[in-house]
Amino acid sequence: MAQDGERVTVTLTDGRRLTAAYAVGCDGGHSAVRKALGVSFEGSSAEEVMWCGDVEADGLDRGYWHQWIDEDGAVLLWPIPGTTSWQLQSSLERDAGGRPLPPSLAGFQRLFDRHARVPGVRLASPTWLSTYRVSARMAGRFRMGRVFLAGDAAHVQPIAGGLGMNTGIQDAFNLGWKLALVARGRAGEALLDTYDEERRPVAAWTLKLTGERLRVSLEGTRTAGVGTEIVLTEDTTTLRVGYGWSSLAWGGTGAGERAPDAPCGDARLYEVFAGGHFTLLGFGAASEPVLAEVAALFPELVRTRRADAARAAYGVEGDALVLVRPDHHIALHTGVERGARSSTA
Ligand SMILES: Cc1cc2nc3c(=O)[nH]c(=O)nc-3n(C[C@H](O)[C@H](O)[C@H](O)COP(=O)(O)OP(=O)(O)OC[C@H]3O[C@@H](n4cnc5c(N)ncnc54)[C@H](O)[C@@H]3O)c2cc1C
């Protein structure tokens, strides 16, 4: 991969060349893009490898997660909703010389029989088998000129709380609208710097949180009656992840935070926000002329909406405007005076 001031050129392994204005490396924890750019990936990886895969299992209640954890190994089976499959994760098997063996259905069954000791449960029909290692690492930068890193390419974290994929999706959600605006000439290049500014601290926070939740859940397994739910906290919902420190958060209550859901006429605000546009919410009669002017000026960029029923959710008293970004975070929260026009807001 090479880049200059104008474009990125990527040479594929089959020799084809692609050029584009920007490139995003979403190529996983072993990211070739990250390595090609020489970006650091600081942190640590557990020595122990785990086995994982999807299997069928007879004789287990699909209403529960099942896990059996001993001093010398573990088997965990989780029903995958909407299928007849289970995700299986386990410690691994070793050969007589102590060397790790590759995952296999027979190996899974032997580990199940040894750790679960539940007679009559047969594992079958694996759709895939693999291994993974718990790591906590993140890239030193998420933007290098015209190239970005997102998802596991940018950060890998312990699985506790199930935040890996979810955090990667939020990376893409944060970056996507910014790239779209810059590519369409509606925003300057500097907007793209806010991707690293906003998402790298979130990645660091996620690494810390998941490391701590992993420790708590491993300790919990030593206590009778403690279940998987111990891993969950208000933080693991990630609903409170916001960018209050961001240069894109302009004053007022909740700037940078997630825009909360609330009723809005015959819809919910989450439905109003969906679709990749900004949303300008107006509270009180004084917001009306600004909503009308913004709707006329930026019909493709901004949808406008009176949202008086959402006053409590947004902490609004009096007449106000709240601008919500395409990724559903609050860009601006400001009061509005009678007779105001958008240029003054
Ligand atoms: C056992 C386990 C359980 C998990 N459970 C959860 C969970 O409950 N919730 C959750 O949110 N997350 C979970 N995760 C984490 C989640 O799987 C990852 O965070 C997520 O898959 C990362 O997505 P990604 O698109 O960034 O990278 P990946 O899913 O790794 O995708 C990268 C893609 O790039 C391709 N690629 C790589 N290099 C190249 C190349 N040079 N050329 C072409 N293609 C390439 C790869 O083949 C792959 O398809 C779990 C992970 C594991 C291992």
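Modeller: Two strands count as paired if DSSP finds at least two bridges between them. This is a predicted model, and in it 6 strands form an open sheet in the order β6-β7-β8-β5-β9-β12, with antiparallel pairing.

Biologist: Which strands stand at the edges?

Modeller: Those are β6 (66–70) and β12 (155–156), and each has a single partner strand, so one side of each is left without a neighbour in the sheet.

Biologist: And how many bridges join β7 and β8?

Modeller: Strand β7, residues 73–79, pairs with strand β8, residues 86–90, over 5 bridges in the antiparallel sense; the bridge partner of Val-75 in β8, for instance, is Ser-90.

Biologist: Switching to the ligand, where does it lie relative to the domains?

Modeller: Domain 1 (2–40 + 140–237) and domain 2 (45–135) both give residues to the shell around the ligand, so it lies between them.

Biologist: Which residues are the closest?

Modeller: Of the 17 residues that surround the ligand, the closest are Gly-28, Gly-151, Gly-162, Gly-164 and Met-165. Helix α3 (residues 164–183) supplies the largest share of that shell, 4 residues, and the shell as a whole divides into 8 nonpolar, 7 polar and 2 charged residues.

Biologist: What about the largest nonpolar core, which residues have the most contacts there?

Modeller: That core has 26 residues, and those with the most contacts inside it are Leu-269, Leu-281, Leu-321, Val-322 and Val-324. Strand β17 gives the most to this core, with 5 residues.

Biologist: What does Leu-281 touch?

Modeller: Leaving aside residues up to four places away in sequence, Leu-281 touches Arg-305, Ala-307, Ala-310, Leu-321, Val-322 and Val-324.

Conventions. Residues are numbered from 1 along each chain as its sequence is written. This is a predicted model: local features need pLDDT of at least 70, side-chain atom pairs count only at pLDDT 80 or more; totals for chains, interfaces and linings use all residues. A residue is near a molecule or strand if its C-beta atom, placed from the backbone, lies within 6 Å of it. Helices (H or I, at least four residues) and strands (E, at least two) are DSSP runs, numbered from the N terminus. Ala, Val, Leu, Ile, Met, Phe, Trp, Tyr, Cys and Pro count as nonpolar, Asp, Glu, Lys and Arg as charged, and the others, Gly among them, as polar. Domain bounds come from an automatic or database domain assignment. A nonpolar core is a set of buried Ala, Val, Leu, Ile, Met, Phe, Trp, Tyr and Cys residues joined through C-beta atoms within 7 Å. A residue is buried if 20 or more other C-beta atoms lie within 10 Å of its own, exposed if 12 or fewer, and partly exposed in between; C-beta atoms are placed from the backbone. Two residues are in contact if their C-beta atoms, placed from the backbone, lie within 7 Å.
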